[in-house]
Amino acid sequence: MDARTRSQYLADDPPTIVCLTIKDHFEALNEQEKKYSAAISKACFAGTRVVLRSISPESEDLYDFIIALHKSCGGDYTKVKASTGLSDHDMKDYLSYASQFLGNAGNYKSFGDSKFIPRIDATKFTKLAKFSPEAAKIHEQFKDALYETSKAGLMHLGYPPTHLTNYYPDSPDITKEEIEAVSEFLKEKKVLPENTRLRKLASGDYELLISSAQNDPAKANRDAEESSFVLESGPVKGKKLSLRFGDHAKEMSTIVTALKEAKENSANDHQRSMHEEYVKSFESGSMAAHVQSQRHWIKDKGPMVESNIGFIETYRDPAGLRGEWEGFVAMVNKERTRTFGELVESAQKQIPKLPWPAEFEKDHFMSPDFTSLEVLSFAGSGIPAGINIPNYDSIRQSEGFKNVSLGNVLSAKPPNEKVPFIKDADLDLYNRYSTQAFEVQVGLHELLGHGCGKLLQETEPGVYNFDIENPPMNPITGDKITSWYKPGETWGTVFGGLGPSYEECRAECVAMSLCPDWSILKIFGFGNGEEDINGEAGDILYVAYLSMARAGVAALQFYDVASSKWGQAHCQARYAILRIFLTAGSDVCSLDYEKADLSDLTVKIDRSKIISHLKPKVDEFLQKLNVYKATASNEGKTMYQDITSVDDFFASKVRPAVLAAAQPRKVFVQANTVVADGKVVLKEYEPTAEGMIQSYVDRDYI
C-alpha cells in the first residue's frame, strides 16, 4: 500500500469528541427509576468486549492496553511523556487514536467498516507501552496487527478470506458459500443466528459459538435439543456442525446479574417479564427467549425509562445475519414525544400516500410507541439518530414495533463544524434548519419507512397471507405476482448481506416521498398545512432534500474502490438516492464544480422542482424497492446492486474530493452512574480524549 493510500486510514486528527448531555433528564427521575436505569446501563456496557470480539482479533487487546495505560498513569499523560521522552504531539496522536478506538468500539470505523491506524509511529508506540509493565505485556499481543496495511482487503470488514471479520473467528479459509450453506441449514432447524459466531475447524467441520453465560444449558432452555448435526447439502455436505455454548460467558454472566437487578426495579409487569426473558436468553443462549422479550417490550407503552438490549443489528456481519451487541437506556423527552404521537395518530392517513397498492401494505398498521429519547447510555460500536425495532419479522409484521428518536444525539454538534458540499448561498439556511430537517427525516424513516410494507408469505405449507387464488397485481409489470416468501424464509435470509442497506434505502425513500407533504410538516411544527415552498416549511423541505443529496456525495468516503465494496449500509443507501436525484436532470439536481480536482464540489437542487420533478423519481424507485422486497424478488437485488455501483467518475473524481474534505465523525463521551451515600448519581466527563478514556475505565466491569 503506497503512502497516499495508507494516509486515508490514519486516525482522525483529532476526532470530534462531544458530550451526550443527559443530566437534567436523569435528575428528573425518582430513585427507583434511577436504580433501574443504572442496572440496565451496566448490562449494556458489560457487553463492550463482546462487540470488540466481533470486530477484529486484536480489538480486545487494544482495549485492554488503553485501559491499562490510563490506570497506570492515573490519567496524567504528562507522566507518560516525561518517562518515555515522547513529545506533546506524540501524546496527542496516541490519545486521538485511543478515543476514536473507544468511540467505535474497535479499530474499524463503525460507520464505514474501514480500519484506522495510529498517527504515532510504531517505534514511538512501543516506547509508550514501556511506561507500564502490564501495558507492555499486552502490547506484545497486538503490535503486529496494529499497523498492518500490507493486505488491502483486510483494511475493510467483509467476507473472509478477502476481507476481515471476527464473526468467523480462526477461520481464514471459510468461504461465503460455506457460510451461506450453514445458514440455510440453521434456518431449516429454526435456529436464529443473531447471537452466534461460526468457526471452521482444521478437520473441515464447524462449530456454532452461541453467546451464553452457561456452558451447558438445560435442554429445555435450548432452541435446539441436538448438540450436533450432520450437514446435508452444498459445499458443507457430510460435515459436522457442533453447537458450543458459553461464547462470551463471563460478559453474559455480568449482564444477567445486572438485568436481574433491573427486574427488581421495574415499573410494571411488562418490564419484569421482558427482563425475565432477557435473563433466560443471555443465560442459555436462547434466541427464542429474546424474541419473547421483544413481545413484552412493545407492550410497554410510554415508559419513563426506555431501553433495549441484545444482538440487534446485523450490518457488520458480511452475511447480514449475525447481530452486534447493543444496548441502550434513555429518558423520555415528553415535549418532543407529543409531536411524534401526532405522527403516529396520522399514520393511517399517510401510508396510503405511498406509491404501491394496498395489497402490498400490512392489513392493519400497528400503531407503535414513538418516543423522543435522551440517551443515558448507548453501548455498541456507534450511536444512531433513531431506531425502529424489533427486527424480527415474526413480530413487526403482525404484532407491532417501537420507534425512538434520540434527541441528544441529533442535537449534539461540535462548535464551528464545517459543512462541505453545500453552496455558500445555502449555508446559512442549511445551518439553521439541518437539525430540524433531520428530525423530520428520522421520524418518517423510522415510523413509516421501517414500519410500512407487507411481506407476501406462504407462512406454512399451503397457508398464505394473501389471496393465492387471485394474487396481487405487480404495479411494475402489470402482471400478477409470481414470487413470495416460502415457509421458513425471512427478509434477512432471502436478501442476505444486501438486505440491511436495501431496507435503509427503502426507509430513506419513504422519508423523501412523504416530507414534501405540507400536512406532515405541520405536525412537526412547520407551516400551517398549506403549500408553502418559500416559507419555513419550504425551508425544511429544501434542506431535507439538500441534506440527502449531500449525504449521497459524502457517502463515497465509505466505498472501497479496490474491492468495489460499500462499508456502510446507510451510506450505500444514500448514494443510491443521490443517483436517483441526478436522473431528474441537471436543471433539477446536479453536482457543480469548476476546479479540475473537484475541490469546490457542491450539490445543487432547484427548490421549485422538488415536488414536481424529484419526488416522482423517488416514488418510482421506492415502488420498485417495496414491491421487490414484498415479493422476495431477485430483481430487487439486481436493481440495487446496479444503482449502487460506482462508475469511474464517482470513483476517480468525486471520491478523492470527498476524502480530502472529510470531517471527523463524532464520538460521544457518555456519563456513568455511580452509587454515593446509597443513592444513584450521575458522573459526567469532559469532552476530551482523557475524559472518554476515563469513562471507559470507570465502566470496565469485568
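Begin by selecting Ser547, which lies in helix α22, residues 536–554; helices here are DSSP runs of H or I with at least four residues, strands are runs of E with at least two, and both are numbered from the N terminus. This is a predicted model, in which local features need pLDDT of at least 70 and side-chain atom pairs count only at pLDDT 80 or more, while totals for chains, interfaces and linings use all residues. Residues are numbered from 1 along each chain as its sequence is written, and side-chain values use heavy atoms, with hydrogens and water left out.

Ser547 is buried, with a relative accessible area of 14%, where buried means under 20% with a 1.4 Å probe and protein chains only.

Next, select Tyr545, which touches residues including Met512, Pro516, Phe581, Ile605 and Leu614, leaving aside residues up to four places away in sequence; contact means heavy atoms within 4.5 Å.

Then move to helix α13, residues 287–299, whose 13 residues reach 19 Å from the first C-alpha to the last, close to the 18 Å expected at 1.5 Å a residue; the expected span is 1.5 Å times one less than the number of residues. Among the buried residues of α13 are Met287, His290, Gln294 and Trp297, and the buried residues of this helix pack against α12 (269–284), β6 (305–313), β9 (386–389), α16 (393–396) and β10 (402–406). Finish at Ser286, which caps the N-terminal end of α13 with a side-chain oxygen 3.3 Å from the backbone nitrogen of Ala288.

How values were computed
Buried means under 20% relative accessible area, exposed over 50%, partly exposed in between (1.4 Å probe, protein chains only). A polar contact is a pair of N or O atoms within 3.5 Å; within protein, one must be able to donate a hydrogen and the other to accept it, and residues adjacent in sequence count only if both atoms are side-chain atoms.
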